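Please look over the notes below alongside the model. They are set out as numbered points, by topic.

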Amino acid sequence: MANRSLFQVTLVVDDYDRAKAYYCDVLGFDLVEDKPMGEGKRWVIVRPGKEGAAIVLAKATTDAQTTAIGNQTGGRVGFFLATDDFSRDHKSFLEKGVKFREQPRTMPYGTVAVFEDLYGNTWDFIEPVKSG
């Protein structure tokens, strides 16, 4: 079997700096790269930690892309952000103005709550049950 992993996904945004500020300053992601690509384009990559997939923040350049901002998964939860301390990070997110759609709930797989990002995309914020 091949050794593969998902290492990047694209999130269409309205403005590089606005998106970068939200993901890095509010959600605490690391800025991996921010490189000019010419013609007003940039290669902006953020990652929530040392492991897992990174997000390429891609500025919308067409009407279709602009329409997709905030609705890239058709209203479904499209992103899953894991933490090792739900209470700590949930409190921090609330203090920074992150909009949660629900109160935290305990499920068989962990503690979870759905939040909206800057654009309205929905995320599951989860502390998975520790195995073992």
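1. Basis. This is a predicted model, in which local features need pLDDT of at least 70 and side-chain atom pairs count only at pLDDT 80 or more, while totals for chains, interfaces and linings use all residues. Residues are numbered from 1 along each chain as its sequence is written, and side-chain values use heavy atoms, with hydrogens and water left out.

2. The largest pocket holds about 580 Å³ of space. Its centre is approached most closely by Phe29, Pro48, Gly49, Leu81 and Ala82, out of 28 lining residues. A pocket here is an open set of points on a 1 Å grid over the protein atoms alone, where a 1.4 Å probe fits, with protein on both sides within 12 Å along at least five of seven lines; lining residues have an atom within 4 Å of a point. The volume is the space filled by probe spheres set on the points, which are joined across faces, edges and corners.

3. Pocket lining. At least two lining residues each come from strand E4 (54–59), strand E5 (79–82), helix H3 (86–95) and strand E9 (122–128). Helices (H or I, at least four residues) and strands (E, at least two) are DSSP runs, numbered from the N terminus. By class, the lining has 16 nonpolar, 6 polar and 6 charged residues. Nonpolar covers Ala, Val, Leu, Ile, Met, Phe, Trp, Tyr, Cys and Pro; charged covers Asp, Glu, Lys and Arg; the others, Gly among them, are polar.

4. Core. The largest nonpolar core has 28 residues, of which Tyr23, Leu27, Phe29, Leu57, Val98, Phe115 and Trp123 touch the most other members. Such a core is a set of buried Ala, Val, Leu, Ile, Met, Phe, Trp, Tyr and Cys residues joined through side-chain atoms within 4.5 Å, where buried means under 20% relative accessible area, exposed over 50% and partly exposed in between (1.4 Å probe, protein chains only). Helix H1 is the main contributor to this core, with 6 residues.

5. Aromatic rings. The whole structure contains 12 aromatic pairs, that is, rings of Phe, Tyr and Trp (its six-membered ring) with centres within 6.5 Å. Ring pairs join a cluster that includes Tyr22, Tyr23, Phe29 and Trp123.

6. Glu39. This residue sits in the loop between strand E2 (30–38) and E3. Glu39 has a positive phi, near 55 degrees. Most residues other than glycine have a negative phi. Glu39 counts as exposed because its relative accessibility is 84%.

7. Ala68. Helix H2 (residues 63–68) contains Ala68, which counts as partly exposed because its relative accessibility is 25%.

Key. Phe/Tyr/Trp six-rings, centres within 6.5 Å; stacked < 30°, edge-to-face > 60°.
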